[in-house]
Amino acid sequence: MATAELESREWYVASYAPTGVPNSDHIKLRTLTLSIPDDHVAFQILYVSIDPYMRTQLSGLHDGLSLPQIPLGQVITAFGIGKVVRSKDTNFSEGELVMSRICPVAEFGVLPSNLLQKINHAHGVALPDYLSCLGMPGITAWVGIEKIGNAKAGSNVYISAAAGGVGIIAGQLAKVKGCRVVGSVGSDHKVKLLKEECGYDEAFNYRIETDYDAALTKYFPNGIDVYFDNVGGKMLEAVLNHVNHGARIALCGMISEYNKVWKEREGVRNLLNMVGKEVMMKGFMVGSYYNHFEEFVKEMEVHLKEGKIKSKHKIYNGIESFLESLTSLFSSSNVGKVILQVTP
Ligand SMILES: NC(=O)c1ccc[n+]([C@@H]2O[C@H](COP(=O)([O-])OP(=O)(O)OC[C@H]3O[C@@H](n4cnc5c(N)ncnc54)[C@H](OP(=O)(O)O)[C@@H]3O)[C@@H](O)[C@H]2O)c1
């Protein structure tokens, strides 16, 4: 690219949203001109991963996830994939594919080269897979099932938000291990998909089966050994009435509570079950497990090759679609990993 500067559109934080789903008052699109300092690389952004943690960085409040709030006026960042268009580091060349955990939600990014990782694009792997089953959501699922849940053949495994970016992989991983797997989701379409395409033994629509206690009695006649919690709140409380002795609960996230300040969030009244049943419940942040990334990728590549795990994506198109893609996480409209395709 001949010019020294690049024009780009990017999403930034205009005001905080302590409660509710963020809207166009909170995040806005602006145009700016980027220059490229020494040791920096400019890249055209192809795909951006849309994740629930992004919402927690827009509240302006200290949050239980301990992720920093994005300062007002600053660009929103995410996991993203781009193609190098200019480089002031001889180790990066035009046309190479790169990835960053702090990719701006924008058309172009300029980052110090040490914050970029090259993608060794394997034959037959779709690029968005590096943001889903082979990326952060994949290893999150793996940590919850493998390292915290310690799921074994025959374990009764329950997964909430089971058709989402993390849940859909977690359930399939548990199936590979020979577990009996049940998932909950917010639409009948997803119930069908989990059972017919993802190998789940059972799935239910929590918007229809609203008595969670009754639903878990029905779907777990032999109790729950491993719960992969993506939603928290009332569902977590209901699960505690159905855990077996020595059950493990991987607290991955609590999306049912992200749009509320903490005093409005649902409490869990029956923790005493954990004492009597000697249950282990552990919260985790996937970033603490990246030392296992190679081990995870090796395993996942085999499952993908053997067709034992399928990845699913919901792709939104164009930089303008970012707000829509982010707010969609708080509905039940998406199946699989939500990804924004910025450049076709
Ligand atoms: N600990 C970590 O390091 C880590 C890393 C990645 C993700 N996470 C967490 O893992 C969870 C899943 O993330 P993801 O990327 O896989 O998101 P996702 O499932 O792709 O998207 C969110 C899904 O959550 C469900 N949902 C939304 N609002 C809900 C509500 N009020 N009650 C119940 N379900 C609701 C919706 O599906 P349905 O309603 O159809 O089920 C929605 O599609 C989130 O809590 C996220 O914060 C944690």
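Is Lys195 buried, exposed or partly exposed? I looked it up in the predicted model. Lys195 comes out partly exposed, with a relative accessible area of 39%.

**Entry 1: the partner of Lys195.** I checked the contact next. Lys195 and Glu202 pair through their side chains in a salt bridge, 3.8 Å from N to O. I noted Glu202 as partly exposed too, at 27% relative accessibility.

**Entry 2: Arg269 and Glu237.** Here I found a salt bridge with the closest N and O atoms 2.7 Å apart. Arg269 sits in the loop between β12 (243-251) and α7 (272-276), while Glu237 belongs to helix α6 (residues 233-240), so the bridge ties together parts 32 residues apart in sequence. Arg269 is exposed, with a relative accessible area of 73%. Glu237 is buried, at 11% relative accessibility. The cut-offs are under 20% for buried and over 50% for exposed.

**Entry 3: Lys118 and Glu96.** I read 3.2 Å between the closest N and O atoms of this salt bridge. The pair links distant parts of the chain, 22 residues apart: Lys118 is in strand β7 (residues 117-118), and Glu96 is in the loop between β4 (77-87) and β5 (97-104). Lys118 is partly exposed, with a relative accessible area of 39%. Glu96 is also partly exposed, with 24%.

**Entry 4: the network and the total.** Which residues are linked with Arg9 in a network of salt bridges? I found Glu107 and Glu320.

Key
Residues numbered from 1 in each chain as written. Predicted model: local features only at pLDDT ≥ 70, side-chain atom pairs only at ≥ 80, totals over all residues. Heavy atoms only, no water. Salt bridge = Lys/Arg side-chain N within 4 Å of Asp/Glu carboxyl O. Helix = DSSP H or I, 4+ residues; strand = E, 2+ residues; numbered from the N terminus. Buried < 20%, exposed > 50% of the residue type's maximum accessible area, 1.4 Å probe, protein only.
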